[in-house]
Amino acid sequence: IEESAWPQIAERVRAAGALSGEGHHRRKDGTTFPIEFNAKCVRLDRDYFVAVVRDVTERKRTEEALRQSEKRYRLLFDFNPAPMWVYDLETLRFLAVNEAAEQHYGYAREEFLGLKIERIHSAEDIPALRKFVAGLSPESITPSEWRHRRKDGTIFHVETLCRPLQFDGRPARLVLANDVTEKKLLQEKFLHAQRLESLGLLASGIAHDLNNV
């Protein structure tokens, strides 16, 4: 705190009886560091004020690290173009979802947080889903494929990756989903074309043999 600021602080302490706040102190070598202070007015032969000053450098570093962590979280989770969510491993309830998940599945964030993950799976896949969750390794990143269901009931295919984490002190899973419906359609068309080609070759072979007969 600059020397010129102390008279004003002293006046505020005298008027209020006590004062708390934050500022910066300067060492003998000229370097500054963040502090937190509590000051109280003491009236003896004249007005004095007693101040307790605490160096909060480490706390400030921790707060800044947390801010940076939250910033990275927002970039990697909230602003990720792929649907992502976190669910509770015990209750299977959604704990967090990103904007891409809201747009892709048709549920608002508040709706998601009131649902279990079964709601977005095809009804036929739910027994397999429960078995899959029960068999998840505590440490592994696990890929899988599912049929998911939007709020309007439409079914689409997804590939997912899930990894373990602690969310508010509870065991949870972070999931990233990739819509592969178009990929599946192309695969089916390719397989269909292969089958037609195989049938064509078979028919050609039979016709050739009949001609020889």
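**View 1. Order of secondary structure in the predicted model.** Along the sequence, the protein chain reads α-β-β-β-α-β-β-α-α-α-β-β-β-α. Six helices and eight strands make up this secondary structure.

View 2. Of the 213 residues in the protein chain, 29% are buried. The accessible surface is about 14,500 Å², and carbon and sulfur atoms account for 56% of that area. Among contacts with a separation of 6 or more, 36% join residues 24 or more positions apart.

**View 3. The largest nonpolar core.** This core contains 21 residues. Those with the most contacts inside the core are W85, Y87, F94, Y105, F112, I117 and I120. At least two core residues come from each of the strands β4 (84-88), β5 (94-97), β7 (155-167) and β8 (170-179), and from each of the helices α3 (99-105) and α5 (126-134). The biggest contribution is that of β7, which supplies three residues.

**View 4. Surroundings of F112.** F112 is one of the residues with the most contacts inside the largest nonpolar core. Leaving aside residues up to four places away in sequence, F112 touches F94, V97, A101, E102, Y105, Y107 and I120. Of these partners, F94, Y105 and I120 are also listed among the residues with the most contacts inside that core.

Conventions
Residues numbered from 1 in each chain as written. Predicted model: local features only at pLDDT ≥ 70, side-chain atom pairs only at ≥ 80, totals over all residues. Heavy atoms only, no water. Core = buried A, V, L, I, M, F, W, Y, C linked by side-chain atoms within 4.5 Å. Buried < 20%, exposed > 50% of the residue type's maximum accessible area, 1.4 Å probe, protein only. Helix = DSSP H or I, 4+ residues; strand = E, 2+ residues; numbered from the N terminus. Contact = heavy atoms within 4.5 Å. Areas by Shrake-Rupley, 256 points an atom, 1.4 Å probe, with all protein chains shown as cover.
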